[in-house]
Every structure is written in C-alpha cells, then in structure tokens.
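Subject: Handing over a structure, with notes

Dear colleague,

I am passing on a structure for you to look through, and my notes on it follow below. Please keep the sequence and the 3D view open beside this message while you read.

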Amino acid sequence: MPDLSSRVLELIASGQASSRTEIAQVLGAAPSTVSHVVGQLLTHGILAEEGTDVSTGGRPRKVLRIGGTDEYAVAADLGGGHVRIGIVLPGGALESVSTVPFALADGPTAGLAALAELLDALVTERGRDGLRGVGLSLPGPVDIEAGVVDLPSRMPGWNGFPVAAWLTEHFGVPAAIDNDANCMAAGEQTVQPSTRRQAITVKAGSAIGAGIIIDGHLYRGSTGAAGDITHVRIDAAGDTPCSCGNTGCLETVASGAALVRILREAGVDVSSTQDVVRLASEAHPETTRAVRLAGRYLGEVLAANVNFFNPDAVSLGGILSTLDPFVAAVRSQLYESCHPLVTQHLAIERASLGADAGLVGAGQFALQRGLAASLEELSTPVPLRTTRNRSTRV
C-alpha cells in the first residue's frame, strides 16, 4: 500500500492529522486499513506515537508523529532580491528563520552556491543526523518531477537548470522544489481548520500567482500550471505588454511591479514594491488609489475562479496582502461578482502564516520527499542468498 502510506505520512508531516481516527476520516479509508498501514510505519520507525490526544469519548487516542525527535528539513523561499530561510519541523513549526539579500539575477550556479552556504549553517546548528530533506520555493514555473525551473520570465539563466539534483548532490538528502504560490498554499493548509478542504491561496507581490487546494492537498494540474491567474487577460490592461510576451495580462495592472510602473508614470518616486507598500501604509493618496484599483482587478479575475471552483476559503498572501485597501478591494469585488451561494460561507482573509507560508510549504514538501525515499527503501526487495545443495558421490 505505498500510495496510502504516502498519504498517511503527508497528513502527519503537515499536521493535518495526528491519530488513526483522524487519518481514516480525512482519507475516507477503513479504520482497520489505516491501523494496518500505521502499524507497519511504526514497526519500521518512520512513525512514532506518544501521549494521548483529547478525546470526546471512548478510549484516549495515541498521538502520531514522524519517527525520531530530531527530524527536520531546511527550506528557502526565494524572491527577486531576497531569500527567507529556516528550519522546518514535522507539523510546520519553524526555527532559525531569517531573511537575507539574494541576487536571483546572478543565475543558478552562483545563486545556489550562496544559498547552500546559508543552509549549511542551519544544518550545522541543528545537527546533520536529523536532516531529511531540502525544500526550495521559486518565483517561477517548476517541473517538479524533473526538478527544474520551466520557462521562467523573471529568472534569467535558470530555465532547465537541474536545481533539485544540485541540492540533492550537495546535501546528500532528497530535495523538493516548487512554485512559490504552490508552496504558500501548501503551507497555509497546515494551519487551516479540518473543515476547509478546498481553497485558493493568492500570492500578491512583485508578481501574482495562486495555489489550489482540493480535498486538502495541492492540485498542480496536468503540467504543473494550475493557478496561473497572472496571465489571464483583463480589459483594464488594454494592450500593455507582459513579461510572458503577451499583452493585457492581469500582472500588468495588479502586481507590485505594475504598481511601481503605474506610480512612476504618475510622477511618484518609487523603485520597488516595498516603496509602494511604505507609501500606501502612510496613506499616500495616489498610491492608495492605485493599490485599491489593483485589488479590484485581482478580485475581478479571482471571481471567475471562485464561481467555478466554489472553495471554502480564499487566502491572500504576499507583500501586497499587508495593505488594508488592497485586501478590502479584493473582498469587495468577490462579494460583488460571485453568486451568493458561493460566498455564503466563503472565508476571504489574509494568509494566517503571513511571510512564513511559503517556507513552511517548501519544508513540508522536503520532509514528504525524504519520507517517501524511506518508504522506497523499505519496499525494495532484498536479494536472498541461496546455498546450492552439494551431494557427495560415494
């Protein structure tokens, strides 16, 4: 039952379940089947159980966790000019988190070498024996099976580079890479109530992306491009050129990069998305109007997706989500444009994990990749040594 074992590990590693009962409920599997799988994982030391969970009746439930108390992953969330790094524990807890400058434009060879130096320091601090994986969140499309960045518009020199293989070779453990919006969505899901199984998480920063959660886990689509709302055409954008080579995309009117361009054209002294956020936080009139309009445009595109998908929640992350006018405009547009049945119980709010969501998601992917490798080792048949029967002639 390798697939079921992987799902059980995914639920426990991400903190979405901590008992056999919860696992059976989430997966819709027979309790006896779940107990059998959990028993095998306990026998091999991949899982451990301790203490008791609070029970509403009946026998107390043992709490399941990833086996061993020292397991962890190191993870990084790359942006255009910075990287957020940290240690990620099973369940999503973080340690030693920091944000440092990072030159994405230097290319993968120099960039990964600099990143490895930062992560090596975390590994040395925590102890190499417990390292199970390395996770990396990237601001571009990712082919997760090949472990490469796939046709990125803002990552010169990174296209097709074997990022995951490079990290695996350097650290000696499995590496997981994914798009930043996907990592944010997966990280945010670890802290959502168990009743929220369908969600859209939007990362609104220098660019715009979205991650989709279906039945509690990430949906990537057939080519890994699910949630790429940034290149949806919108009337307000007209024929404005986009980084993708097309014109009139949402990114050209609603992203942080678009706001910088729009405000500079209006004579406002800004050079980065951080400048836009600072001015909007200070209630600068022109900036506040531009931010509110960007939120409205994002809400317009999101509305079509929300009407189609009917999620439990829309979570807003990224630096623009820290601005009240932006969040209010998105929420207003969704309520205005969506069917009342769709918004009846819809939660529209900032990502609970804030800037840490992508880091948690990347770390969870790395832990799951490491645990999957352990499962593969267990399922690999060991050749039996045979001894020939020798007969003695008389």
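The structure holds 16 salt bridges, where a salt bridge is a side-chain nitrogen of Lys or Arg within 4 Å of a carboxyl oxygen of Asp or Glu. Please bear in mind that this is a predicted model, in which local features need pLDDT of at least 70 and side-chain atom pairs count only at pLDDT 80 or more, while totals for chains, interfaces and linings use all residues. Residues are numbered from 1 along each chain as its sequence is written, and side-chain values use heavy atoms, with hydrogens and water left out.

Salt bridges

One of the salt bridges joins the side chains of Glu 49 and Arg 20, at 3.2 Å from N to O. This pair links distant parts of the chain, since Glu 49 is in strand β1 (residues 47–53) and Arg 20 is in helix α2 (residues 20–27), 29 residues apart; helices (H or I, at least four residues) and strands (E, at least two) are DSSP runs, numbered from the N terminus. Glu 49 is partly exposed at 34% relative accessibility, and Arg 20 is also partly exposed, at 25%; here buried means under 20% relative accessible area, exposed means over 50%, and partly exposed lies in between (1.4 Å probe, protein chains only).

Another salt bridge is formed by the side chains of Arg 84 and Asp 356, at 2.8 Å from N to O. It links distant parts of the chain, with Arg 84 in strand β4 (residues 82–88) and Asp 356 in the loop between β14 (347–350) and α13 (357–379), 272 residues apart.

The side chains of Arg 126 and Glu 95 also meet in a salt bridge, at 2.9 Å from N to O. Here Arg 126 belongs to helix α4 (residues 108–126) and Glu 95 to strand β5 (residues 94–101), and this pair, 31 residues apart, again links distant parts of the chain. Arg 126 is partly exposed, with a relative accessible area of 25%, and Glu 95 is partly exposed at 29%.

Which side chain of opposite charge is nearest to Glu 188? It is Arg 196, 6.4 Å away, and Glu 188 is buried yet has no salt bridge; for charge, Lys and Arg count as positive and Asp and Glu as negative, while His and the chain ends are not counted. Glu 188 lies in helix α6 (residues 180–189), and its side chain reaches the backbone nitrogen of Ser 352 at 2.7 Å. Among the residues that Glu 188 touches, not counting those up to four places away in sequence, are Thr 201, Ser 315 and Leu 353, where contact means heavy atoms within 4.5 Å.

Most residues other than glycine have a negative phi, and most peptide bonds are trans. Leu 151, however, is not a glycine and has a positive phi of about 55 degrees; this residue lies in the loop between β8 (148–149) and α5 (163–171) and is exposed, with a relative accessible area of 65%.

In helix α8 (residues 256–265), the buried residues are Gly 256, Ala 258, Leu 259, Val 260 and Leu 263, and what covers them includes α7 (251–254), α9 and α10. Just after α8, Gly 267 takes a positive phi of about 90 degrees.

Methods
A polar contact is a pair of N or O atoms within 3.5 Å; within protein, one must be able to donate a hydrogen and the other to accept it, and residues adjacent in sequence count only if both atoms are side-chain atoms.
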